Amino acid sequence: MTPLLHEYDIAKGVVAFSSTRRGGVSLGHYGEFNINEYCGDDAAHTAANRMALCGLLRVQPDHLVFPHQTHGDVVIKVDGQWLDSLSPAEKRGSLEGVDALMTNLYDVCVGVSTADCIPVLLYDEAHHACCAVHAGWRGTVRKISRKAVEAMAVSYGSKPEQLKAVIGPGISLLHFEVGDEVYEQFSKAGFDMQLISRKYEKWHIDLWEANRQLLLAAGMREELIQVSGICTYDRVEEFFSARRLGILSGRIFTAIMMRGDGREV
């Protein structure tokens, strides 16, 4: 089967997408398309799905890179030394506890896994660099999206005002109900709570807006930030939602890759 991707128009020669649940071999709450090997799915199924995605993207398997995320704020660089000099075991070890990947290599697809958390993609056309960010509520409190912009500035000389961003599928404010302790963590972190929260019976947090505000605070331009507006909780038939399906379910893969020859998927 061929993976069905939700694609983003970010720039010519750049492939940016979120996977849907369609076009794979996984079963049950992992069905059909899940490449994440850390969420309990059958290893043979995730391997087959990864190979199908590599075929669709026309990349080598070791050029499809994603971390084992821990809801932190660690950003690492995938460069030529990482790709060519590290053993498979060393690469795997370096991806433990990482929640954002950046690269300036062509034809290397970097991505993150989510199932209600917020994926953020960044692209720097001037310096030919990109980044994929996993921003769950804990990572958002730690301001990982802003830190990713700052990391690109340090590594590639990226200027925030030139970056483009996509904020991908995630749980919407309507469905992201939180306890008072979570609300307080956002408030103590300095977020404008009038912009990112609303009180129903309990507090609800807008993770899309929280991450958009982080990108703006980092110096990005509002008109260069796309927000998908896809609520995973509402659209669970198309996208994985841990709140709907449980944590033993598949993950959306949101990724970005710069084509060396300008081709698109």
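Let me start with a definition: two rings of Phe, Tyr or Trp, taking the six-membered ring for Trp, count as a pair if their centres lie within 6.5 Å. With that in hand, hello everyone, and please keep in mind that what we are looking at is a predicted model.

By that rule, the structure holds 5 aromatic pairs. The pair I like to show is Y183 with W203: the ring centres are 4.0 Å apart and the planes meet at 20°, so this one is stacked, given that planes under 30 degrees apart count as such. Where do Y183 and W203 lie? Y183 belongs to helix 6 and W203 to strand 12, so the pair ties together parts that are 20 residues apart in sequence.

Are these two residues buried or exposed? The cut-off for buried is under 20% relative accessible area. Y183 has 14%, so it is buried. W203 comes out at 19%, and therefore counts as buried too.

Staying with rings for a moment, F17, F66 and F253 are linked into a cluster by ring pairs. There are also charges over rings. R244 lies over the face of Y233, 5.0 Å from the ring centre. For K143, the charged end sits over the ring of F191, at 6.0 Å from its centre.

Now let's go back to W203 and look at the sheet around it. This is an open sheet of 3 strands, in the order 10-12-11, with antiparallel pairing. Strand 10, residues 177-178, and strand 11, residues 197-199, are the edge strands, each pairing on one side only. Strand 11 is joined to strand 12, residues 203-205, by 3 bridges. In that pairing, K199 is the residue that stands opposite W203. Helix 6, residues 180-188, lies across strand 10, strand 11 and strand 12, and runs at about 50° to strand 12.

Leaving aside neighbours within four places in sequence, I205 is in contact with S172, L173, F176, V178, Y183, F186, M193, I196 and S197. So which residues touch the most other members of the largest nonpolar core? They are L122, F186, I205 and L215, in a core of 41 residues. Helix 5, residues 144-156, gives the most to this core, with 6 residues. Apart from it lies another core, this one of 24 residues, including V78, W82, V108 and C130.

How values were computed. Residues numbered from 1 in each chain as written. Predicted model: local features only at pLDDT ≥ 70, side-chain atom pairs only at ≥ 80, totals over all residues. Heavy atoms only, no water. Pairing = 2+ DSSP bridges. Helix = DSSP H or I, 4+ residues; strand = E, 2+ residues; numbered from the N terminus. Contact = heavy atoms within 4.5 Å. Axes fitted to C-alpha atoms, helices over the stretch in contact; angles between N-to-C directions. Core = buried A, V, L, I, M, F, W, Y, C linked by side-chain atoms within 4.5 Å. Buried < 20%, exposed > 50% of the residue type's maximum accessible area, 1.4 Å probe, protein only. Phe/Tyr/Trp six-rings, centres within 6.5 Å; stacked < 30°, edge-to-face > 60°. Lys NZ or Arg CZ within 6 Å of the ring centre and 35° of its normal.
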